[in-house]
Amino acid sequence: MAAQIDGVETVLAEKLEGVSLDEVKRILYGRPYKSLEISAAAEKLAQDGDFQLAGYIVDAQKEQTRAPRLVRVAAIQNKIHRSTTDSVVEQRDAIHQRVGAMIEAAAAAGANVVGLQEAWTMPFAFCTRERLPWTEFAESVYTGPTTQFLSKLAVKHDIVIISPILERDEEKDDVIWNTAVVISHTGRVIGRSRKNHIPRVGDFNESTYYMESTLGHPVFETKYGRIGINICYGRHHPQNWMMYALNGAEIIFNPSATVGTLSEPLWGIEARNAAIANHVFTVGINRVGTEVFPNEFTSGNGQPAHKDFGHFYGSSYIAAPDGSRTPSLSRVREGVLIAELDLNLCRQCKDAWGFRMTNRLDMYAQKLTEVSNPEYRPDIRREQ
């Protein structure tokens with residue numbers, strides 16, 4: 001396997017400089033952002049922990065009647081930290097310890113909201129189609145060890161945490177779901193959002209473990225703004241992003257686990273497009289590293305049996321409603337990305353572009369109702 005590059009930004013910086021580099025970045029990422037001043041304490045935590053720490057300021061125009069609505073959002077991408085043959089508790093606790101240190105760095109840098117990657121407490125074992133031991137990572141939203149662990153950090157640092165886990169619905173019927181838990185700055189669980197769209201693509205054999213959400217598109221009112229969570233594969237469905245925005249989200253997180261050979265050309269486009277189309281901020285978070293499993297598996301796609309999913313390419317980024325975006329985190333390293341966002345930019349872009357005003361929901365509601373009828377036939381006009 002060829003060595004993985006660190007990222008597009010690294011290659012550009014190696015090959016270009018000065019005005020040429022600035023202009024290429026402007027074309028690729030939109031207006032340049034100022035760097036966020038990060039505390040020495042946060043920098044030391046990152047250096048000691050050997051993970052990337054980057055910060056940016058995404059400002060808005062000054063208004064006469066509204067003060068800036070500033071919120072610092074952090075996206076954390078991590079690897080697994082024990083062999084997949086170790087016990088469930090050993091694997092989970094090692095990740096807790098690692099990500100806990102990264103959350104400490106984010107808090108030291110002033111983060112108000114911290115978002116974690118999809119199924120962050122475990123290897124992404126859904127390629128294997130094996131039940132045990134992987135289903136043992138599933139836990140309760142309210143009483144599970146991960147929520148208990150993060151609730152303490154939320155209270156300690158006065159932060160909101162988005163924690164995507166493999167959920168065991170112990171309060172109802174013990175069914176497993178792919179779920180994001182929203183933990184308030186008070187340490188209490190505000191609620192949960194589940195994955196609306198489940199892939200059946202290549203090694204992504206996730207419907208072996210859980211099915212599509214029945215909760216719809218909940219948006220969570222937090223101390224720092226209104227938040228929606230569009231989990232992983234849902235980013236390929238524009239209407240999924242739209243519904244979170246229509247329900248009032250100002251920031252939509254996209255916690256993900258996706259590999260380079262499948263989706264990398266799409267990754268930098270989809271969350272950014274959603275930010276533009278829906279006048280919101282979006283936060284794309286992808287895990288990083290290659291995870292090797294004890295048993296070979298195949299997925300009915302003609303590929304030889306193998307023991308790994310491929311390389312999870314990280315590259316987490318934050319996009320703004322004006323189409324600009326941060327540079328990505330590394331493709332190969334763990335990292336914390338922080339952006340100070342002025343939420344006033346959502347309304348400013350809504351006024352400037354008018355997509356909410358011109359999106360013709362009434363027309364599409366009628367047509368989508370017709371299309372969802374099994375007897376519907378496409379409206380195609382042909383020469384007579």
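View 1. R31 is partly exposed, with a relative accessibility of 28% (buried is under 20% relative accessible area, exposed over 50%, partly exposed in between; 1.4 Å probe, protein chains only). D322 is likewise partly exposed, at 30%. The closest N and O atoms of R31 and D322 are 2.6 Å apart, forming a salt bridge (a side-chain nitrogen of Lys or Arg within 4 Å of a carboxyl oxygen of Asp or Glu). R31 lies in the loop between α2 (18-29) and β1 (34-35) and D322 in the loop between β14 (317-319) and β15 (335-342), so the pair ties together parts 291 residues apart in sequence (helices, H or I, have at least four residues and strands, E, at least two, as DSSP runs numbered from the N terminus). The whole structure holds 28 salt bridges.

Residues are numbered from 1 along each chain as its sequence is written. In this predicted model, local features need pLDDT of at least 70 and side-chain atom pairs count only at pLDDT 80 or more, while totals for chains, interfaces and linings use all residues; side-chain values use heavy atoms, with hydrogens and water left out.

**View 2. Salt bridge between R92 and D93.** The closest N and O atoms of this pair are 3.8 Å apart. R92 is buried at 14% relative accessibility, whereas D93 is partly exposed at 37%.

**View 3. Salt bridge between R235 and E270.** Here the closest N and O atoms are 3.3 Å apart. R235 lies in the loop between β9 (225-229) and α6 (238-246) and E270 in helix α7 (residues 260-278), so the pair links parts 35 residues apart in sequence. Both R235 and E270 are buried.
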